[in-house]
Amino acid sequence: MDKTVVIMAAGMGSRYGGLKQLDQVGPSGETIIDYSVFDAIRAGFSKVVFIIRRDIEEPFKEQIGARYTGRVRVEYVFQELSDIPAGFSVPEGRTKPWGTAHAMLTAASSVREPFIIINADDFYGKDAFARAAEYLDRVDPKQLNAALVGFLLKNTLSDHGTVSRGVCAADENGVLVDVEENHGIERNEDGIMISDTRDSLGEDTIVSMNMWAFTPPVFEYARRSFIRFLKESGTRSDSEIYIPMVVNELIQAESLQVKVLETSAEWFGVTYRDDKPAVVAAIEGLVAEGSYPKALWDNPA
């Protein structure tokens, strides 16, 4: 079955201090995106859709997209602040995008097959892509289906600042009951805490790293959620709608069962610039053990 990977690469990387989507972390100049595309191709994905901003289009295509010519089909869509339904307007002074659910909606015109959607700056690992691909190969693409690749919280933290994570609750059958976006998560002398509330979280808590698997009908539900969001919060300059918010609405309405796909893959991320050396070292280790070639794109397509 044809499958697509949608990569959200429109973020500014404000905490990181630069356009981290183009930063090199591999031994032959690879970016984290390169590893995601490489893992997606070997898991059987046939198309990549990049969600980017128009002001980074040229460098992104030259430095990232051109690497995949002849290896996988590549398309680009643009997340625009003004891309909202008729009858709504952008609040005066708003400059930030509308969130990950809005980003996903920008890809609707380019995605007609089962897909996963991921962050550009997260290293998910081979097993995560394989599990998502296996799930999508089993579902009916015309029916609403969804899954979440879940990671252990202890493996997703930064040593250099707080992070935001979707904390997941699942039932005994591995079906998602709830996913709640939590901000300000960090490890300190008391364990893993949410710094804003001082609530504690277990190390093996399953969290979302924005690796979702969907069938195309999700776009229509996301559009409805976005309209409700704009009616309720669209006049605020900082409000955002996240993919977990759309999923939670569907779960609560009993319109969707979301399978949690737990993975043994090791996650790496570069939320902050100081995270980069650890990511570089971790990838060097994976190359040394043979999980990845030293140069991802040396062989002809």
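Tutor: The structure holds 17 salt bridges (side-chain nitrogen of Lys or Arg within 4 Å of a carboxyl oxygen of Asp or Glu). The model is predicted: local features need pLDDT of at least 70, side-chain atom pairs count only at pLDDT 80 or more, and totals for chains, interfaces and linings use all residues. Numbering starts from 1 along each chain as its sequence is written, and side-chain values use heavy atoms, without hydrogens and water.

One of the salt bridges joins Arg67 to Asp34, with the closest N and O atoms 2.4 Å apart. This pair links distant parts of the chain, 33 residues apart. Asp34 sits in helix 1 (residues 32-42), and Arg67 in the loop between helix 2 (57-63) and strand 3 (73-78). Helices (H or I, at least four residues) and strands (E, at least two) are DSSP runs, numbered from the N terminus.

Next, the helix pair. Helix 5 (residues 218-233) packs on helix 6 (residues 243-252) at about 105°, axes 10 Å apart. Helix 5 is therefore roughly perpendicular (65 to 115 degrees) to helix 6. Axes are lines fitted to C-alpha atoms over the stretch in contact, and angles run from 0 to 180 degrees between N-to-C directions. Tyr221, Ala222, Ser225 and Arg228 of helix 5 meet Val246, Glu249 and Leu250 of helix 6 (heavy atoms within 4.5 Å). By class, these contact residues are four nonpolar, one polar and two charged. Here Ala, Val, Leu, Ile, Met, Phe, Trp, Tyr, Cys and Pro count as nonpolar, Asp, Glu, Lys and Arg as charged, and the others, Gly among them, as polar.

Methods. Angles under 35 degrees count as roughly parallel, over 145 as roughly antiparallel, 65 to 115 as roughly perpendicular and the rest as oblique.
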